[in-house]
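Have a look at it first, then read on.

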Amino acid sequence: MQYKVGNIFLFLSFTPAEKGQFLALDLGGSKFKVLQVKVREGMGIRRGGVEMEEKTYPIPKELLVGRGTELFDHVSESLKDFLHEKNISLDKKHPLAFTFSFACEQSSLDQGSLLGWSKNYRARGLQGKDVVQALRDAIDRTGGMDIEVLAMVNDTVATMMTCGFDDNYCEVGLIIGTGTNACYMEELRHVDLVEGDEGRMCVNTEWGAFGDDGALDDYLTEFDRDVDAASNNQGKQIFEKMVSGMYLGELVRLVVLKMAKLGLLFDGHVSDALRTKGKITTANVAAMEEYKNGLKNTRDILTGLSLTPSQDDCIAVQHVSTIVSFRSSNLVAAGLAAILTRIKQNRNLRALRITVGVDGAVYKTHPQYPKRLHKVVRRLLPECHVRFVLSDSGSSKGAALVTAVAQRLASQKRKVDETLSPFRLSHEQLQLVKARMRAGLEAGLKRKGSTAIKMLPSFVYRTPDGTEHGKYLALDLGGTNFRALLVNFKKGLQQNTRLHHKIYTIPLEIMQGTGEELFDHIAECISDFLDYMGLKNARLPAGFTFSFPCEQTALDTGTLVSWTKGFKATDCEGHDVVSMLREAIKRRNDFDLDIAAVVNDTVGTMMSCAYEDPQCEVGLIAGTGTNVCYMEELKNIEKTEQSTGQKMCINTEWGGLGDDGSLDDIITPYDVEVDQTSINPGKQRFEKLTSGMYLGEVVRQVLLDLTRGGLLFRGHVTEALKTAGIFQTKYLSQIESDRLALLQVRSILQGLGLDSTCNDSIIVKQVCGTVSRRAAQLCGAGMAAVVDKIRENRGLDHLNVTVGVDGALYKLHPHFSGVLQETARVLAPQCNVTFLPSEEGSGKGAALITAVPLLLTRQQETSSESS
Ligand code: 0WK
Ligand code: 0WK
Ligand code: BGC
Ligand code: BGC
């Protein structure tokens, strides 16, 4: 069952496990009560496992209209007195349920801003304030007790919950007491204020304000207008003033006063008492209507007002009381019928069986009231079976249950937060990662081979300048698939680049088969593409984007250092991937290519974006894997022989950061589990914290742990949850999208064979968000290190630079790119970094690079000819 209070959204799924001792405050009705509610384990609430102790504390009138702090001090001191009187330890922490019977806007169970006082309350300084905080402050001021205010509920809701203990059909709470109000279970999809459109929630209607917009003007009598004019909240709570106990007596008095003035009663004699506000109470009205003693009571009451009523006077006044209270019960019946009709329509029911939980002195003490109300409701809704249940012990039992569930949810949330806290990186930790990334970049430039960050020279010395032209083939072996592209550049007309491409999947058995099979598969795809483009015999110049770490000695050779991501084809590491491709093409012998360049996908992406934006000097991939390249000063690349030109693009392979243990202080046990179960344990540690290949697995490990801890999926560890790779990173993007309601989160989990509650969905969403946020922050910290290095390389105080980006995680995840950008901005404040998503992937970049050497060599040829 789900409940919304004010606009609280509660997944209140009661379990027999609800147990504990709760303190409760019941403020706002005719009596202010302090209670202790004990819920015994296992007995659960349904089978009477609840014991209550209570004490009513008077509230001095001046406090009702005094300063709010003083009112809450009185409440808190009464609470302390109750603890003393009941020998309840002052040292133990006590969870407290707060029934506060006034209109409050709530955004969580333990918060509620007072919209407006009603009834006889008018304490100053609390309107618009969070009354839960006001109570907490008062308890702190009183001191000497350890109270945890866990939940605040309206009395209608607490009453519905109290009656819901014994009657599952109870989905409406009704108060006809000093004030009047009702709550009911509304369809979540109809409540725009809250996320989610599945299930129901309890809505506190605050129907007392019905008519404040003039909707009841045609029903208002002069007496109602007089009551309102004399009230301390004119124009407000119009319906309440026609119905509730605070006003019924006054209405009767005003009617009797007018009749007396008109000489219709007491021979026109009007006593001062009769002229005095509040002299006829609602209790008097109830007494006058008593079946047996009504008339006698009426005489006593009128005599008490210094009147000498005749028998007829008494009958007439009794009649006035009946009419006034009859109207009240009729109006409440009409209001209730409106609510029940809405529930019936919400559920497309012809007939509705429902229970209404009721409380309030008017309903409880007025002899005829309940019967009259029930009768009119049944007359208005003959097709409905409406049961009325009187809340026998006030609303605190219900409030205690809400608190019991809130306590369980709060402790659950605390444990989930504890589990996730190692993923929440502080600014200092991110600065450390930036520094370690910087140190790793520096180390990789100095030494060959053994550094965590390999800093591989790409032999690309400059970015495109728009002079590129011609037709090129680009081959793009990425993280998940292979793409063949035909690119046709028009000199100086970047926007007229023509491009055709075709995507081919790489089956797992090929990824993890032999190198020969892999390159044969690639050659077959190329052959298919050339067929498709009718270019089988055109020996096209080709650029090969190979998204794995390759040691290059020239633009068209690249020795694979080690596989990453999901690849593990044999006989490839330590081999030149260009040769392997050429051999595979030779083996096929049905087409030929001039493979002029092999580039990393980061380099291809940088080039592709630099073709649009000349300021682009960094390439970032945040996809299946993660990596960055950037234009480094040749003089800083100590490990390679110097050659001509200023800069060279370095493929950092930053995925390896941490392989030397430099990230062990932020790596969590869940990350260790993912690394241990990966095909390259101990390798690519930074990648395993940040890239699409692994984020889903990190999430799965956390979900497994939370489930084993009983915090998720009712502690039920399913086979699905134990299956590696079942939680693909694309699910993170879906689950975290703001547009996705919890319902859809549940269906994704259902699709994974994970039967979840709404609360489970919230926790899963939180875990996904925490894991992906860390990934984006880590990449942002790494990026800050790279752009700050470029800035310092050039001795600049401020650097403007563009980063070309590609990868499904960056492009498709709802928050990843934003968090990454924000983190880089904060950690590299002297760099203005523009992130430019690459339109056509790195393939175009590879083709551009293929275009450059040909042009370069051509230039060199022309320049050497001219010299
Ligand atoms: C008793 C409930 C309390 C509620 C009151 C309303 O415990 O929460 O506010 O009924 O009736 P009243 O006391 O105003 O007549
Ligand atoms: C598209 C690029 C390709 C790169 C890929 C990375 O064209 O070179 O490898 O992005 O993204 P992923 O496919 O791993 O999400
Ligand atoms: C308040 C409601 C409350 C009702 C019954 C009204 O005046 O606005 O919040 O439920 O009285 O106590
Ligand atoms: C590879 C890099 C590549 C990155 C993004 C990593 O696993 O080592 O070479 O750039 O993935 O695809």
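H10 and H11 sit roughly perpendicular to each other. Keep in mind as you go that this is a predicted model. The angle behind that description is about 105°, and the two axes are 9 Å apart.

Who touches whom here? On the H10 side you'll find Gly 294, Leu 295, Thr 298, Arg 299 and Leu 302, and they meet Gln 311, Cys 314, Ile 315, Val 317 and Gln 318 of H11. Sorted by class, this contact comes out as five nonpolar, four polar and one charged residues.

Now for another pair, H15 (residues 427-446) and H28 (residues 816-827), which pack at about 80° with their axes 11 Å apart. An angle of 65 to 115 degrees counts as roughly perpendicular, so H15 is roughly perpendicular to H28. From H15, His 427, Leu 430, Gln 431 and Lys 434 meet Thr 823, Val 826 and Leu 827 of H28. That contact splits into three nonpolar, three polar and one charged.

On to the ligands. Ligand 1 has 14 residues around it, and the closest are Asp 26, Ser 30, Asp 155, Thr 178 and Ser 395. The shell as a whole has two nonpolar, nine polar and three charged residues. Around ligand 2 there are 15 residues, with Asp 476, Asp 601, Thr 624, Ala 808 and Ser 842 the closest.

| Ligand | Residue | Distance |
|---|---|---|
| Ligand 1 | Asp 155 | 2.7 Å |
| Ligand 1 | Thr 178 | 2.6 Å |
| Ligand 1 | Ser 395 | 2.7 Å |
| Ligand 2 | Asp 476 | 2.6 Å |
| Ligand 2 | Asp 601 | 2.8 Å |
| Ligand 2 | Ser 842 | 2.6 Å |

How much of each ligand does the protein cover? Ligand 1 exposes 370 Å² when taken alone, and the protein buries 94% of that. For ligand 2, the accessible area on its own is 370 Å², of which the protein covers 88%.

How values were computed:
Residues are numbered from 1 along each chain as its sequence is written. Chains are lettered from A and ligands numbered from 1 in the order in which they are written. This is a predicted model: local features need pLDDT of at least 70, side-chain atom pairs count only at pLDDT 80 or more; totals for chains, interfaces and linings use all residues. Side-chain values use heavy atoms; hydrogens and water are left out. Axes are lines fitted to C-alpha atoms, for helices over the stretch in contact, and angles run from 0 to 180 degrees between N-to-C directions. Helices (H or I, at least four residues) and strands (E, at least two) are DSSP runs, numbered from the N terminus. Angles under 35 degrees count as roughly parallel, over 145 as roughly antiparallel, 65 to 115 as roughly perpendicular and the rest as oblique. Contact means heavy atoms within 4.5 Å. Ala, Val, Leu, Ile, Met, Phe, Trp, Tyr, Cys and Pro count as nonpolar, Asp, Glu, Lys and Arg as charged, and the others, Gly among them, as polar. A residue is near a molecule or strand if one of its heavy atoms lies within 4 Å of it. A polar contact is a pair of N or O atoms within 3.5 Å; within protein, one must be able to donate a hydrogen and the other to accept it, and residues adjacent in sequence count only if both atoms are side-chain atoms. Accessible areas come from the Shrake-Rupley method with a 1.4 Å probe; for residues, only the protein chains shown count as cover.
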